[in-house]
Amino acid sequence: MKQIETERLILRAPTPEDAVPLLPIRNSEFVLQFNPTTPKNQEQLQEELMEEQDRTLILEKKEDGKVIGACFFGGDALRYQVHSQTLSYYLAQKEARKGYMTEAMQALIEMLFAQGVQVLSLRCYAENIASAKLAEKLGFIKEGCIRHAVSDRNGVIHDDCIYSLTREEYLTGGNNNV
């Protein structure tokens with residue numbers, strides 16, 4: 001996967017060494033509260049990054065080379081015979097609400113649509129207001145919520161909201177608020 005540069009970020013493929021700065025971010029309560037996953041150790045995260053290397057982008061700040069998060073794309077299990085991808089991401093809490101994830105996701109969206117993807121989806125817990133706002137800012141349309149859909153690591157069950165953005169909407173600016 002090629003490296004992508006934005007105004008403030010470098011988005012690049014992961015290396016095994018990225019597990020070190022990503023581990024405290026990925027295992028933070030800030031990230032875990034809105035993801036159906038459990039904490040990992042460094043070896044597990046390293047293995048995961050290498051297994052998903054072709055579907056993962058590390059977010060690195062240009063100004064200091066600091067790793068601040070990651071974004072991911074993969075198959076969309078809700079669609080059939082449509083070239084679609086599902087997006088996900090996480091970011092260090094102290095870097096949140098500074099526009100970094102908007103910047104990274106805009107670049108990822110552009111890359112995937114340029115590769116011929118027809119539709120992108122994004123899912124978030126109903127109570128994850130920040131992710132819902134990000135999806136809408138990026139031009140995604142809320143398709144709805146699957147009630148009582150995802151159990152988190154503590155056994156709490158969440159409603160799962162689904163958003164989508166088609167290539168046509170993106171290219172014509174029909175729903176793109178960016």
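How many disulfides does the structure hold? In this predicted model, the structure holds one disulfide, which joins Cys145 to Cys161 with an S to S distance of 2.1 Å. The pair links distant parts of the chain, with Cys145 lying in strand S7 (residues 141-151) and Cys161 in strand S8 (residues 157-166), 16 residues apart. The torsion about the S-S bond of Cys145 and Cys161 is about 70 degrees, and the disulfide is therefore right-handed.

The two partners fall into separate accessibility classes: Cys145, with a relative accessibility of 34%, counts as partly exposed, whereas Cys161, with a relative accessibility of 3%, counts as buried. The cut-off behind this assignment places residues under 20% relative accessible area in the buried class and those over 50% in the exposed class, with partly exposed in between.

Cys71 is in no disulfide, and the nearest cysteine sulfur, that of Cys124, is 16 Å away; at 0% relative accessibility, Cys71 counts as buried. For Cys124, the closest cysteine sulfur is that of Cys161, at 5.5 Å, which is too far for a bond, because a disulfide requires a pair of cysteine sulfur atoms within 2.5 Å. Cys124 likewise counts as buried, its relative accessibility being 5%.

Key: Residues are numbered from 1 along each chain as its sequence is written. This is a predicted model: local features need pLDDT of at least 70, side-chain atom pairs count only at pLDDT 80 or more; totals for chains, interfaces and linings use all residues. Side-chain values use heavy atoms; hydrogens and water are left out. Helices (H or I, at least four residues) and strands (E, at least two) are DSSP runs, numbered from the N terminus. Buried means under 20% relative accessible area, exposed over 50%, partly exposed in between (1.4 Å probe, protein chains only).
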